[in-house]
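Here's a quick tour of how some side chains pack and pair up. Have a look at the model first, then read on.

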Amino acid sequence: MKLFQAYLHLLVFISLAATSTADYFKYAKTGCNGTCGDVRIPFPFGIGADCSVNPWFAIVCNNSTPYLSALSQVEVLSINLRFQTVTVNLPKHSDCQSPVRTSFDLGDQSPFLFSKFQNIFVFEGCGIASMMDHGSMVTRCSTACLNVTHSDRNNCFGIGCCQTTIPKFLKSYSIHLTGSEMQWAGGGCGSAFLADATSYDPFISMNTSFSPVSLLWILTASVQITCCYERNLDTLEVDMFNGTLVNSPKCTWDSQGANPYLSDGCINGLGM
């Protein structure tokens with residue numbers, strides 16, 4: 001009998017410990033779902049009414065795939081609280097005719113910017129790809145295409161493929177391709193696009209029409225955020241391409257764990 005009681009006590013302890021741990025690892029607001037499929041959705045983002053800090057951060061979960069509804073339902077791949085980024089799937093800019101001008105605009109009022117730290121500008125093709133912002137050159141790269149091999153293309157060092165950094169945070173951009181027709185694998189079209197540097201693989205990218213792109217998200221001073229354990233808000237300074245500086249409130253992120261943007265989202269007193 002005593003052995004059975006000890007066993008019951010052990011089961012209760014394990015259950016309470018599991019519940020306690022689950023409460024510690026809190027990512028979404030109380031009463032809100034913290035995941036969509038395999039993607040974690042931490043506050044200030046949220047799934048459903050009143051689960052995000054404002055409508056810009058609202059996520060729609062459709063067939064276990066998250067979408068950012070404020071940006072024309074682009075697919076969300078991941079959200080990083082430490083770097084304050086959301087990685088989304090955006091279409092590549094590609095066309096067989098030259099010159100080609102394509103663009104993408106996040107909107108002047110949106111809290112999202114193309115991250116200069118996480119993204120690179122990639123051109124797969126032959127010729128020159130220029131990235132512009134309201135008529136001003138942001139960056140460009142060019143390729144040579146004589147005797148191009150798949151090995152050259154997959155290295156993306158300037159023969160059939162090139163990549164470069166972007167110098168500032170952007171709200172919008174347009175791409176100008178010149179002489180972009182590819183001269184291997186039976187021809188085809190060149191394509192230029194932003195890509196998350198940690199996700200870009202030239203070998204895989206050549207067979208896709210979308211590219212993972214990291215967006216920096218910023219908060220305004222009017223947003224009501226209480227950091228975990230009521231820590232003071234830090235400030236993230238963002239340098240825009242037009243020369244202006246934007247300051248965004250930011251909760252301190254110390255190590256892997258829960259959510260510093262929730263008052264009860266810490267573990268053992270640490271902002272996670």
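## Around Val86

Skip the neighbours within four places in sequence, and Val86 is in contact (heavy atoms within 4.5 Å) with Phe45, Val76, Ser78, Ile79, Phe112, Val213, Ser214, Leu215 and Trp217. Bear in mind that this is a predicted model, where local features need pLDDT of at least 70, side-chain atom pairs count only at pLDDT 80 or more, and totals for chains, interfaces and linings use all residues. Residues are numbered from 1 along each chain as its sequence is written, and side-chain values use heavy atoms, leaving out hydrogens and water.

## Aromatic rings

Searching the whole structure gives 10 aromatic pairs. For Phe, Tyr and Trp (its six-membered ring), a pair needs centres within 6.5 Å; planes under 30 degrees apart are stacked, over 60 edge-to-face, and the rest tilted. Phe57 and Phe112 have ring centres 5.6 Å apart and planes at 50°, so they make a tilted pair. They're 55 residues apart in the chain: Phe57 is in the loop between strand 3 (46-47) and strand 4 (58-62), while Phe112 is in strand 10 (residues 112-114). Strands here are DSSP runs (E, at least two residues), numbered from the N terminus, and helices are H or I runs of at least four.

Both Phe57 and Phe112 are buried, where buried means under 20% relative accessible area, exposed over 50%, and partly exposed in between (1.4 Å probe, protein chains only). Ring pairs also tie Phe45, Phe57, Phe112, Trp217 and Tyr261 into a cluster.

## Disulfides

There are six disulfides (cysteine sulfur atoms within 2.5 Å) in the whole structure. One of them joins Cys36 to Cys61, S to S 2.0 Å. The torsion about that S-S bond is about 90°, so the Cys36 and Cys61 link is right-handed. Cys36 in strand 1 (residues 35-36) and Cys61 in strand 4 are 25 residues apart. Cys36 is buried at 1% relative accessible area, whereas Cys61 is partly exposed at 36%.

Cys126 and Cys145 form another, with sulfur atoms 1.8 Å apart. This Cys126 and Cys145 link is left-handed, at -105° about the S-S bond.
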